[in-house]
Amino acid sequence: MSQNPSPASSGETNPRNVVTADGIPAAASAEGTTAPGTTAPGTAAPEAAVRPSRRTGVDQRKRTLLRLNASMVIGAVLVILIFALALVSFLWTPYDPSAVDPVARLQSSSLEHPFGTDMFGRDTLTWVMYGARITLMVGIVAVGIALLIGTPIGVIAALFAQYPWGAWIGAVIMRANDILLAFPALLLAIIFAAVYQPGTGPAMVAVGIAAIPGFARVARSGTMQVLGSEYVRAARASNRRVPAIALFHVLPNIAGMVIVQASVAFAISILAEAGLSFLGLGTQAPVPSWGRMLQESQQFLSTHPGLALWPGLFIALAVLGFNLLGDGLRDRFDPKMEARGNG
Amino acid sequence: MITYVANRALQFALSLIVASVAVFALMSLLPGNAAQVALGTNATPEAVAALEAQYGLDQPPVLRYFDWMGGMLTGDFGTSYVTGAAITPVIVGSVQVTGILVIASIVLAILIAVPLGTFAALEQRNWIGVTISALSQIGIAVPNFLAAIILVMVFSLTLGWFPSQGWMAPVEGVGGFLVRLVLPVVSLALVQAAILTRYVRSAVLDVMREDYIRTARAKGLTRTKALFVHGLRNAAIPVVTVAGVQLATLLVGAVIIEQIFVIPGIGSELVRAVANRDLVAVQGIVMVLVLLVLVINLIVDVLYPIIDPRIRTAA
Amino acid sequence: MAENLLEVRDLTITPAGADGPVLKDVSLSLAPGERVGLIGESGSGKSLTAQSVMGLLPEELRATGTVSLAGFSGNVLEAKERTLARMRSDIVSMVFQEPMSALNPLMRIGDQIAEALRIHGSTDRRAVPGRVLELLTSVHMPDPEGARYAYPHQMSGGQRQRVMLAIALANTPRLLICDEPTTALDVTVQKHMLDLIAERVAAVEAGLLFITHDLAVVAGVCDRVIVMNSGRIVETGSVHDIFTNPQHEYTRGLLASSDLEATDANGKLFTLKTALAYAGPLGEAGSPPEAGTNPDENVDADVEPTTASAGESGRVRTRAVDSPRAREPELTGQSAPLIEVTGVSKLYKARGLTLRRRSEVQALEDIGFRVSAGQRLGIVGESGSGKSTLLNILSGLDRPTTGHVRVGDVRVESASASALRSLRENLQIVFQDPFASLDPRMRVEDIVSEPLIARGMGRDERLSRVEEMLLAVDLDSAAMRRYPHQFSGGQRQRISIARALVTRPQILIADEPVSALDVSVRAQVLNLLTDLVDDYALTLLFVSHDLGVVQHLCSDIIVMKDGHIVESGTTEDIYANPREEYTQRLIAATPSLAGALASAG
């Protein structure tokens with residue numbers, strides 16, 4: 001998990017604020033979307049002699065029901081695969097995950113054990129299927145926490161920032177958010193493991209809390225953008241109240257960005273959980289988890305490399321799936337993608 | 001410019017104070033105080049009380065906080081309740097090890113990612129560009145511990161080129177130090193390079209679409225030359241941001257790699273302290289890590305106005 | 001003139017993956033030293049043509065045909081980037097539309113100009129700084145010495161465009177291409193820029209290919225005009241011929257709808273559809289009075305389905321009949337004006353949490369005016385004049401720092417929330433950008449009914465009101481279920497107007513409602529607005545940077561500059577005898593067809 005940049009701290013005139021998401025491909029979507037330098041805030045020198053240029057083709061994006069792209073399709077297939085694995089494990093697995101078979105220890109792939117067996121003779125395929133459950137549960141809970149707390153925080157901070165009397169509230173919220181960023185998910189999870197007992201629960205909550213700033217940022221910048229738009233001015237001139245504007249104008253317009261962020265945060269959660277379990281600070285034995293399988297495989301690296309292969313492969317596939325899905329969704333939703341092209 | 005830097009420095013100091021309060025509160029005020037945790041759940045109330053008195057844990061939290069902060073400001077992180085040893089030397093030694101590891105990794109990642117990402121952007125429509133993009137996307141999905149395991153399997157267990165674990169300080173022997181450095185650094189750097197490559201590619205693509213690149217071409221520069229003269233410095237702003245964030249996450253993320261390669265870095269110390277239920281040590285190490293993350297952010301903040309004159313004058 | 005400077009043959013451009021070409025068989029030529037205008041609306045392909053000549057087409061476009069330049073061997077479309085790079089700036093240079101983004105933000109101005117000189121190596125290395133200074137002086141840059149060390153963000157748009165011109169002419173190319181170089185600039189700045197381009201091009205004896213959507217601009221700068229429409233050249237001719245005797249239907253339509261001084265028999269602006277009756281910019285002097293005396297005759301000839309057919313029979317009126325009626329309340333009702341603004345100032349403070357400097361901006365200073373019921377007031381000003389701030393204060397979206405604003409019986413500056421709500425039911429706004437003022441994720445019916453929701457009106461009643469209103473702006477009820485992106489700019493502006501009028505307000509504020517629209521669409525929207533103002537007996541506040549539009553629409557004018565009212569009075573007075581120097585400059589700078597043609601000779 002360590003390899004995921006999360007957005008770093010800083011203030012109003014900081015180019016970082018423009019980096020859309022804290023996830024891996026945040027700025028790295030297929031065609032590239034963010035260029036903080038070009039929109040660097042605080043740069044608006046008084047431009048007295050320039051009025052808005054004639055725009056010819058803004059927002060001419062075709063919003064077909066499903067505009068598919070390769071990233072999205074591959075990502076969706078992988079994500080569905082992982083979900084299917086987890087769901088099927090509730091109904092059926094080849095073996096009982098705790099069924100120990102000393103005779104069939106450390107086997108490689110065979111018809112009976114397609115993915116082989118571990119040092120206790122337990123079926124690796126069964127464990128991979130059970131592991132998918134934990135992986136997805138951690139992802140859902142962590143992203144749920146981050147989304148449900150982070151998004152309102154961001155929206156509220158942006159709403160307050162409009163008023164002279166509320167600007168400081170918005171600023172304080174975002175500064176607190178920035179300080180939270182100094183605690184990467186792994187660090188927070190280790191702290192939780194130290195204070196409470198190591199386990200799936202604290203790990204999920206820690207990863208979720210660490211992901212809050214990402215959502216808050218995306219929601220805030222999206223809300224600021226919407227609030228600054230002429231259609232919100234029009235709504236105000238039409239006597240809509242702030243809650244109505246937030247509900248009917250802001251939320252639908254930032255939903256896309258938040259969904260993208262959720263997809264990316266899901267990938268980060270998967271990596272975080274695997275890393276924690278690898279350290280022995282996440283999911284505890286005997287619950288099957290990909291990270292711990294990988295950790296246990298370490299002592300057999302020279303003799304049975306296959307043991308590391310399967311959990312490693314599925315961690316990578318799950319992360320790849322959510323990242324690709326996020327990329328594909330970003331191409332559809334990112335407002336900057338549509339403004340291009342002029343005569 | 002001076003106002004800007006002063007502003008950032010002030011924010012840094014404020015963040016540090018708030019973060020220290022948060023760490024302290026999390027560690028000291030939550031159920032199961034340090035003495036209880038150190039002695040385990042079976043300890044008698046008398047034993048716990050004795051330990052509390054010994055380390056001043058019966059004092060009010062505010063006093064203890066200032067005590068702790070005051071100690072840290074003079075470079076004293078306190079004494080472990082578990083081992084009874086001073087924590088400061090452990091932190092100083094392990095931070096150096098992790099520092100070497102992390103800085104070597106980010107440098108290697110940048111050296112790989114900047115040329116590769118730029119190339120991928122320039123050859124965007126070629127199979128080369130597409131291949132680089134696809135590879136980096138896959139690279140991002142590989143957790144660094146998986147990369148480490150694969151590297152150990154190939155280069156240590158199979159080929160025997162590098163040791164599979166261990167650490168040697170440079171003063172003990174440069175050759176031994178370097179040979180042990182390779183695998184951990186590469187496993188950290190590969191994944192970071194994959195991430196950074198995508199950012200570089202995306203930043204370069206964005207820059208290539210800018211009007212000033214068109215202006216530069218209209219002046220008589222070729223597309224590639226226009227990118228090198230005008231584009232890269234503009235693309236540097238988002239890339240510096242990401243590299244700073246990566247450095248910060250590497251600092252903590254090195255934990256797992258240090259475990260795999262048995263390196264006495266700060267991550268290893270942190271995991272050991274957690275396993276020993278040594279909350280004083282955990283508290284100190286966490287604070288050092290948070291401090292380092294904030295310092296990295298401050299450095300990145302100061303880099304912006306150096307790169308971009310607009311930020312220089314605006315703030 | 002044995003050889004043409006530029007020769008384009010059968011240029012066809014197709015985007016990758018598109019069904020058809022966006023540019024079809026375009027052929028044109030340009031003699032050495034000739035100044036040619038390339039005219040067209042958005043999507044006409046005029047910019048693509050220019051980019052082809054520079055070899056700067058985006059990669060995803062495929063171009064066929066030939067582009068040859070004197071002094072360059074071979075076809076530009078097929079040449080290698082390296083060869084093209086040598087040709088650019090040396091043979092042909094370009095000034096782009098967007099002054100804000102065309103210069104590298106991280107490099108000093110002097111270095112950016114020097115670069116153009118160094119690349120081609122024609123200037124001795126030691127002479128470069130002197131030459132840079134010379135170039136900056138030649139484009140009349142204030143403080144050319146200091147400008148060398150400035151960064152682009154420290155300059156205004158007009159100054160940046162001067163720098164662009166200096167760069168473009170650094171190596172004295174034989175051809176200069178200007179792609180809408182003044183579109184993003186204020187009118188007074190535009191005037192200077194146009195004069196400067198003409199002056200510099202003449203000084204270095206270069207040819208000029210001037211691309212614009214604005215006919216009036218081109219007339220002053222060019223000898224010959226090429227008119228483009230949806231990827232094709234429709235007409236070519238001398239400025240005089242094109243303006244006085246256009247052959248193609250589209251050219252005539254474009255000409256007619258750009259001419260805000262000419263109206264048809266019904267007092268309406270000409271549109272593409274009614275352009276047949278248009279007599280040309282010079283002939284217009286005779287036609288309107290003639291039509292005015294006998295207004296009903298031409299009604300049958302008025303075939304204008306999109307604009308007016310729905311309500312046509314119901315509101316056949318002429319301007320001659322309208323005007324007195326619109327003026328009436330102003331004359332009699334001066335004792336109790338509908339809107340009264342006295343001593344309004346607005347001071348903005350920049351906010352910062354910590355050490356940031358608090359700078360203050362005086363957006364408005366001591367503004368005062370009155371508007372009577374039924375009056376049509378134009379508020380004219382360039383960017384930064386404070387007209388948007390004034391609008392926000394009038395509509396209660398912002399409060400003045402000092403001063404009083406009364407709209408109807410509401411004291412806006414101290415109004416309670418509920419008083420402001422009742423004010424807004426009475427006062428509605430049409431916004432500038434038809435692409436930004438409609439929520440992309442809402443259906444048209446929800447957008448238009450939004451002001452009614454706040455009133456607590458039931459859904460069925462709302463929808464029937466929306467349908468009625470959409471018909472009034474000449475959209476059909478099928479539009480209700482659709483989303484904004486399915487409409488063109490002009491249609492979106494109609495939706496925006498429908499939303500503003502659905503509450504039947506007394507006062508309509510139009511904030512630059514046509515400045516983002518193509519010329520031909522502009523006329524239609526303005527006509528619609530005129531009709532609705534009459535039909536609903538609205539008091540109109542029309543904000544614009546464009547004097548021409550205001551002159552057509554408004555009975556009275558306020559001229560604003562830097563937060564002050566410079567001058568106010570009736571439209572006729574202001575035009576006939578502007579008292580203030582700024583007003584005079586503004587009027588002189590506003591491009592008009594007749595004026596441009598007259599000055600062109």
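## Aromatic pairs and charges over rings

In chain B, B:Phe24, B:Tyr65, B:Phe66 and B:Trp68 form a cluster linked by ring pairs. Rings of Phe, Tyr and Trp (its six-membered ring) are paired here if their centres lie within 6.5 Å; planes under 30 degrees apart count as stacked, over 60 as edge-to-face and the rest as tilted. The model is predicted, so local features need pLDDT of at least 70 and side-chain atom pairs count only at pLDDT 80 or more, while totals for chains, interfaces and linings use all residues. Residues are numbered from 1 along each chain as its sequence is written, chains are lettered from A and ligands numbered from 1 in the order in which they are written, and side-chain values use heavy atoms, with hydrogens and water left out.

Over all chains there are 13 aromatic pairs. One of them is stacked: A:Phe266 and A:Phe322 have ring planes at 10° and centres 4.0 Å apart. Because A:Phe266 belongs to helix α7 (residues 242-279) of chain A and A:Phe322 to helix α9 (residues 306-333) of chain A, the pair ties together parts that are 56 residues apart in sequence. Helices (H or I, at least four residues) and strands (E, at least two) are DSSP runs, numbered from the N terminus. A:Phe266 is buried at 8% relative accessibility, and A:Phe322 is buried at 5%. Buried means under 20% relative accessible area, exposed over 50%, and partly exposed in between (1.4 Å probe, protein chains only). In chain C, the rings of C:Phe270 and C:Tyr278 have planes at 65° and centres 5.2 Å apart, so this pair is edge-to-face. C:Phe270 and C:Tyr278 are both buried.

Charged side chains also sit over rings. A charge is counted in this way if NZ of Lys or CZ of Arg is within 6 Å of the ring centre and within 35 degrees of the ring normal. A:Arg133 has its charged end over the ring of A:Phe90, 3.9 Å from the centre. In chain C, the charged end of C:Lys561 is placed over the ring of C:Tyr582, 5.3 Å from the centre.

## Helix α5 of chain A

Helix α5 (residues 200-227) of chain A contains 28 residues and reaches 39 Å from its first C-alpha to its last, close to the expected 40 Å. The expected span is 1.5 Å times one less than the number of residues. At A:Ala211 the helix has a kink of about 30°, shortly before the proline A:Pro213. The bend at a residue is the angle between axes fitted to the seven residues ending there and the seven starting there.

Apart from neighbours within four places in sequence, A:Thr223 is in contact (heavy atoms within 4.5 Å) with A:Val155, A:Ala158, A:Val250 and A:Ile254.

## Nonpolar cores

A nonpolar core is a set of buried Ala, Val, Leu, Ile, Met, Phe, Trp, Tyr and Cys residues joined through side-chain atoms within 4.5 Å. The largest core has 151 residues, of which A:Phe183, A:Leu187, A:Trp290, B:Leu270 and B:Val286 touch the most other members. Helix α7 of chain A supplies the largest share of this core, 17 residues.

Not counting residues up to four places away in sequence, A:Phe183 touches A:Leu188, A:Ile191 and A:Ala210, together with B:Ala19, B:Val23, B:Val286 and B:Val290. Another core, of 96 residues, lies apart from the largest one and includes C:Leu56, C:Ala147, C:Ala150 and C:Leu175.

## C:Val380

C:Val380 is part of strand β12 (residues 376-381) of chain C and is buried, with a relative accessible area of 0%. Setting aside residues up to four places away in sequence, C:Val380 touches C:Ser544, C:His545, C:Leu547, C:Val550, C:Ile557, C:Ile558, C:Val559, C:Met560 and C:Leu586. C:Gly158 is 222 residues from C:Val380 in sequence and 20 Å from it in space, C-alpha to C-alpha.

## Chains A and B overall

Chain A has 10 helices and zero strands. Of its 343 residues, 63% are buried. Among chain A contacts with a separation of 6 or more, 71% are between residues 24 or more positions apart.

Chain B has 13 helices and zero strands, and its C-alpha trace spans about 85 × 55 × 35 Å along the principal axes. Buried residues account for 56% of its 315 residues. Of the chain B contacts between residues at least 6 apart in sequence, 72% join residues at least 24 apart.
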